[in-house]
Amino acid sequence: MLKATDIIDDTNPLIRTISEPVELPLSDEDRQTVMDMVDYLVLSQDEEKAEELNIRPGVGLAAIQIGIPKRMCAIYSPRVDKEGEVTGVDQYALVNPRIISYTPKPSYLKNGEGCLSVPVDVEGKVPRHAKVTVVGYDAITDSEVKIVARGFLSIVLQHELDHFDGILYYDRMNEDPNAPIPDAIVID
Ligand code: NI
């Protein structure tokens, strides 16, 4: 099981590493790593357990954030409807995911992004694509997947895939992080 102390933060230069592609078929070790990452996210969203273990809630985690420079990430992102009710969850243990297409239309999270490797939130708008199509191997379903993501999931995927290239969310902010982003879809 991963612990909060396994996660490196942005003061560690390793976080800027360009991660390597993962060899397929997936080794037992790599499978264990990415599944442990999913488990960590699930745990992080259990308020009681998260408090007990002193871990912050997260919806995505890339392998480099636990010091492993491989292109793998976990996603565990509850789907919420307009009334704030949870209607499901987007969960993936992605291996070598990549964006194959995106819309030029921008979007950003109204309340800004957060990252388990950035201990203090950096406020501001992070411009992202409103819609991305991602392909990769998913270790949960043991299959190649094609994810057409809009809204919150689209942002989560772009954030995680950025980690593979050593990019943190605040790198993407404009010089004035509060300046309007023309034509953008604002995601609550
Ligand atoms: Ni992050």
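Two strands count as paired if DSSP finds at least two bridges between them. Helices (H or I, at least four residues) and strands (E, at least two) are DSSP runs, numbered from the N terminus. This is a predicted model, where local features need pLDDT of at least 70 and side-chain atom pairs count only at pLDDT 80 or more, while totals for chains, interfaces and linings use all residues. Residues are numbered from 1 along each chain as its sequence is written, and side-chain values use heavy atoms, with hydrogens and water left out.

**The sheet**

- Look for an open sheet of 5 strands, in the order E1-E2-E3-E6-E7, with antiparallel pairing.
- E1 and E7 (143–150) are the edge strands, each pairing on one side only.
- Strand E6 (residues 131–138) and E7 are joined antiparallel over 8 bridges, and Val134 stands opposite Ile147 in E7.

**The helices**

- Helix H1 (residues 28–44) has 17 residues and should span 24 Å at 1.5 Å a residue, which agrees with the 24 Å between its end C-alpha atoms; the expected span is 1.5 Å times one less than the number of residues.
- H1 lies across E1, E2, E3 and E6, at about 30 degrees to E2. Here axes are lines fitted to C-alpha atoms, for helices over the stretch in contact (heavy atoms within 4.5 Å), and angles run from 0 to 180 degrees between N-to-C directions.
- Helix H3 (residues 151–164) lies across E1, E2, E3, E6 and E7, running at about 165 degrees to E2.
- Among the buried residues of H1 are Val34, Met37, Tyr40 and Leu41; buried means under 20% relative accessible area, exposed over 50%, and partly exposed in between (1.4 Å probe, protein chains only).

**The nonpolar cores**

- A nonpolar core is a set of buried Ala, Val, Leu, Ile, Met, Phe, Trp, Tyr and Cys residues joined through side-chain atoms within 4.5 Å.
- Of the 23 residues in the largest core, Met37, Tyr40 and Leu61 touch the most other members.
- H1 gives this core its largest share, 6 residues.
- Apart from this core lies another, of 16 residues, including Ile75 and Val156.

**An aromatic pair**

- Rings of Phe, Tyr and Trp (its six-membered ring) pair if their centres lie within 6.5 Å; planes under 30 degrees apart count as stacked, over 60 as edge-to-face and the rest as tilted.
- This rule gives 1 aromatic pair.
- The rings of Tyr169 and Tyr170 have centres 5.7 Å apart and planes at 70 degrees, so they are edge-to-face.
- Tyr169 is buried at 1% relative accessibility, whereas Tyr170 is partly exposed at 24%.
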